Each structure stands twice: as C-alpha cells, then as structure tokens.
Amino acid sequence: MNTAPSLTGEQVNNTPKNNLRAEVKDLSFFYGGTIQALNNINLPIADRKITSLIGPSGCGKSTLLRCFNRMHDLYPGNMYQGEIRLYPENENLIEIDPGIVRLRVGMVFQKPNPFPKSIFENVAAGLRVRGINNKAILNDSVEHALKGAALWNEVKDRLHSSAYGLSGGQQQRLCIARALAPEPEILLLDEPTSALDPIATAKIEDLLTELHNEVTIVIVTHNMQQAARISDFTAYMHMGDLVEFGETQDLFTNPKQQRTNDYITGRFG
C-alpha cells in the first residue's frame, strides 16, 4: 500500500526553468497498464549537471530512468501518465516519436553491450540512424565521441577491430561514446559501473565528471558513495515515490525526511 505520497512539483522544484534541461511533472507509470511502478513523480533535471537516483532495489529508479528515452515502449501494454518536459523546447517526451526521443536522450546500460561490429561501427551506429553516411563526417564524429569517452588513445589504431576485443571497462566507455556520438541532450546511465572493477569504475566516474560540462547526465546507482562523489543533485526513491530531492551534499549530510536518513545510514535497504 502506498502510504507516503511522492513530493509535489512545488515541493521539489525551486530551480528556474532556464537552468533546467528537463522536468518530470506528475509522472506515473504502469507495467502492463495495471501494475503501478511510479507514483506522481516530480523531478527537475538541471542543465549540464549530474543527477543521481538512489534507493533500494525495486524502488523505481530504473523504471523512471527508462521513461526518459521511452524504453518501456518496447513492451506492449505499458502506460505513462504525466509529462517529461524537455527544455528549452518545452516538448513533452511522452508525446514524441520514441525513435526520435532515443536519439535525443542517450542510454548506457548496467552491463556493457557493444554491437557485434567494429569499434568504429559501434560509435557510428547512431549517426547512421540519423542518415549520416558521409565518410569525413563519420570519421570526425567517431573520433570526437571516442575522445569524449576518454577512449580514443586506446583504440585509435584498431578502430576496425571487433569491439569484443576490448576489456569490460573499455567496452563500457565505448557504449558511452556510442551514446555521445549523436550529440544527445541528456545522457542516461543505469548502474554503469556495477559490473566493473574499482580501477575501471574510477575511470568511468572521472569521465562522467568531465562530461557533465557538455551534456546533462542522469545516473541510477546503488552505490551511495558514488552518488556522493560525482553528482550535483540526488533524488531518493522508495516504493515508486520520490521521497526527497536536493543538492547532493545537503541530502547526504542533512536529509529532511526520516526515510532518507534511514536509508543513507544503513538502517534499511
């Protein structure tokens, strides 16, 4: 039973619209049209900042993240209520063609998932979907994306080799490069370091810290230390509700809600 409602838009959002890249407004989501997984979520996404979503397993973090690029549309019967506004266009992502949304909102998953193609073709995939086939443009864009993912120097001499020859950490950075190549407005990451060793994890965290100067980032993580290290804002979720949202340092050092305090101090979750 849902006994603690999500924060309202007025409670959550004190950020001026010109500082936002996106805004979740009264968003609910239903699997199969009947199983409610999100309860009237209101969440501002600051432009060119990192926003972390934290909370126990099954709380709705990944469900919310996948609403941003309409991944749920791949399965029949799923249903959205509410809006995800993209600024400055003030467009509702829930109403735009999902294929277009996925070019504007990139996604990196928990486990590296390179295509069974060359390193070059992995990065060029989104560009080709956009209809870009000019060799010079592709070469420049692939190089730019690989540099953005801090991978260029490691792969520049083997661009036409299989992506499967890369290490796990390199594959994840390749997936980030692939998501960056179409120049998305938002980059989503769902537990991007959970399958990586500490060294590869540190490289990904350093990369995200650099990238957020160029692209807005929303990341789901179970690792509260990671959220504290890299994010500007943090949202704590529980049972489909957004319990608390704020600047990361404030949320971790002075949480306003008892449920947030219980989670970050390890009393449950």
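A residue is called buried here when its relative accessible area is under 20%, exposed when that area is over 50%, and partly exposed in between, with a 1.4 Å probe and protein chains only. The structure is a predicted model, in which local features need pLDDT of at least 70 and side-chain atom pairs count only at pLDDT 80 or more, while totals for chains, interfaces and linings use all residues. Residues are numbered from 1 along each chain as its sequence is written, and side-chain values use heavy atoms, with hydrogens and water left out.

By that definition Arg85 is buried, because its relative accessible area is 16%. Arg85 belongs to strand 4, residues 79-86, where strands (E, at least two residues) and helices (H or I, at least four) are DSSP runs numbered from the N terminus. Its side chain forms a polar contact of 3.0 Å with that of Glu83; such a contact is a pair of N or O atoms within 3.5 Å, of which, within protein, one must be able to donate a hydrogen and the other to accept it, and residues adjacent in sequence count only if both atoms are side-chain atoms. Setting aside residues up to four places away in sequence, Arg85 touches Arg21, Ala22, Glu23, Lys25, Asn90, Glu91 and Asn92, contact meaning heavy atoms within 4.5 Å.

The side chains of Asp190 and Ser62 are joined by a polar contact of 2.9 Å. Beyond its neighbours within four places in sequence, the contacts of Asp190 include Leu65, Arg66, Met107, Val108 and Val220.

A pocket is an open set of points, on a 1 Å grid over the protein atoms alone, where a 1.4 Å probe fits, with protein on both sides within 12 Å along at least five of seven lines, and lining residues have an atom within 4 Å of a point. The volume of the largest pocket is about 450 Å³, a volume being the space filled by probe spheres set on the points, which are joined across faces, edges and corners. At least two lining residues come from each of helix 3 (98-104), strand 6 (105-108), helix 4 (119-129) and helix 7 (168-180).

Of these elements, helix 4 is largely enclosed by the rest of the structure, because 8 of its 11 residues are buried. Among them are Ile119, Phe120, Val123 and Leu127, and the cover over the buried residues of this helix includes helix 3, helix 5 (135-148), helix 6 (152-155) and helix 7. Arg128, also in helix 4, is partly exposed, with a relative accessible area of 32%. Arg128 touches Phe120, Glu121, Asn133 and Leu138, not counting residues up to four places away in sequence, and its C-alpha atom is separated by 8.6 Å from that of Leu138, 10 residues apart along the chain. Just after helix 4, Gly131 takes a positive phi of about 90°.
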